[in-house]
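This report walks through selected local features of one protein chain. It takes up contacts, strand pairing, backbone angles and aromatic rings in turn.

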Amino acid sequence: VEANKPWTRTGVSLKQNDVVKIYCNGKVMPGDFEIVYKNTSCMASGYHFTRNNFTVLPKARYMAAIGRIGNQDAFYIGSGREFKSYVDGPLYLGINELNKSIYTGVSINKRSIYWKDNTGHFESDVYVYRQ
């Protein structure tokens with residue numbers, strides 16, 4: 001899961017009610033925009049603060065590992081999470097980075113500068129159990 005891309009397709013297609021376990025390891029670092037933390041990396045659980053309504057997941061830690069199924073809402077993963085899939089669809093993993101300008105509050109597109117200058121990645125193990 002590269003820090004400089006909003007979403008990474010895992011190649012895993014989930015079915016509703018699949019039990020999914022995801023473990024993430026590695027380090028990412030925000031780019032030049034985040035002046036205070038630009039030379040400090042974080043683990044998959046993210047930094048100890050949030051970016052409120054400006055990130056993909058407002059209440060989750062900034063730069064944490066996150067996921068989504070298809071075009072559904074994103075969810076927090078951090079260093080690990082187990083859950084039951086609520087829909088059918090492809091699994092995507094990403095970084096909880098800005099999706100709105102902190103200056104204007106306007107939504108930004110997926111090729112935003114906020115992702116482009118991030119560095120690092122998370123390696124992820126995904127386990128799916130079908131019943």
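This is a predicted model: local features need pLDDT of at least 70, side-chain atom pairs count only at pLDDT 80 or more; totals for chains, interfaces and linings use all residues.

Contact here means that heavy atoms lie within 4.5 Å.

**A buried aspartate in a loop**

With contact taken in that sense, and with residues up to four places away in sequence left out, Asp18 touches Phe83, Lys84, Ser85, Val128, Tyr129 and Arg130. Asp18 is found in the loop between strand 1 (7–14) and strand 2 (19–29), and its relative accessible area of 2% falls under the 20% cut-off, so Asp18 counts as buried. One of the residues it touches, Arg130, also makes a polar contact with it, side chain to side chain, at 2.9 Å.

In which order do the 3 strands of the open sheet lie? The order is 5-2-7, and the pairing is antiparallel. Strand 5 (80–84) and strand 7 (119–129) are the edge strands, each of them pairing on one side only, and the twist from one strand to the next averages 20°. In general, the strands of a sheet pair through backbone hydrogen bonds, in either a parallel or an antiparallel manner. Strand 2 and strand 7 are paired in the antiparallel sense over 11 bridges, and within this pairing Ile22 has Val126 of strand 7 as its bridge partner.

**Positive phi angles**

Most residues other than glycine have a negative phi. Against that background, two residues deserve a look. Asn17, which is not a glycine, has a positive phi of about 80°. Met63, likewise a residue other than glycine, has a positive phi near 70°; Met63 is placed in the loop between strand 2 and strand 3 (65–69), and at 0% relative accessibility Met63 counts as buried.

**Aromatic rings and charges over rings**

The count of aromatic pairs comes to 5. Among them is the pair of Tyr23 and Tyr127, which is edge-to-face, with 6.1 Å from centre to centre and 70° between the planes. Because Tyr23 lies in strand 2 and Tyr127 in strand 7, this pair ties together parts that are 104 residues apart in sequence. A second pair is formed by Tyr47 and Phe49, whose ring centres are 5.7 Å apart and whose planes meet at 20°, so the pair is stacked.

| Residue | Relative accessible area | Class |
|---|---|---|
| Tyr23 | 42% | partly exposed |
| Tyr127 | 39% | partly exposed |
| Tyr47 | 5% | buried |
| Phe49 | 18% | buried |

Tyr47 and Phe49 also belong to a cluster, in which ring pairs link them with Tyr62. Which residue lies over the face of Tyr62? Arg51 does, at 5.3 Å from the ring centre, so that Tyr62 takes part both in the ring cluster and in an arrangement with a charged side chain. Elsewhere, the charged end of Arg68 sits over the ring of Tyr92, at 4.6 Å from its centre.

Terms used:
Residues are numbered from 1 along each chain as its sequence is written. Side-chain values use heavy atoms; hydrogens and water are left out. Helices (H or I, at least four residues) and strands (E, at least two) are DSSP runs, numbered from the N terminus. Buried means under 20% relative accessible area, exposed over 50%, partly exposed in between (1.4 Å probe, protein chains only). A polar contact is a pair of N or O atoms within 3.5 Å; within protein, one must be able to donate a hydrogen and the other to accept it, and residues adjacent in sequence count only if both atoms are side-chain atoms. Two strands pair if DSSP finds at least two bridges between them. Axes are lines fitted to C-alpha atoms, for helices over the stretch in contact, and angles run from 0 to 180 degrees between N-to-C directions. Rings of Phe, Tyr and Trp (its six-membered ring) pair if their centres lie within 6.5 Å; planes under 30 degrees apart count as stacked, over 60 as edge-to-face and the rest as tilted. A charge sits over a ring if NZ of Lys or CZ of Arg is within 6 Å of the ring centre and within 35 degrees of the ring normal.
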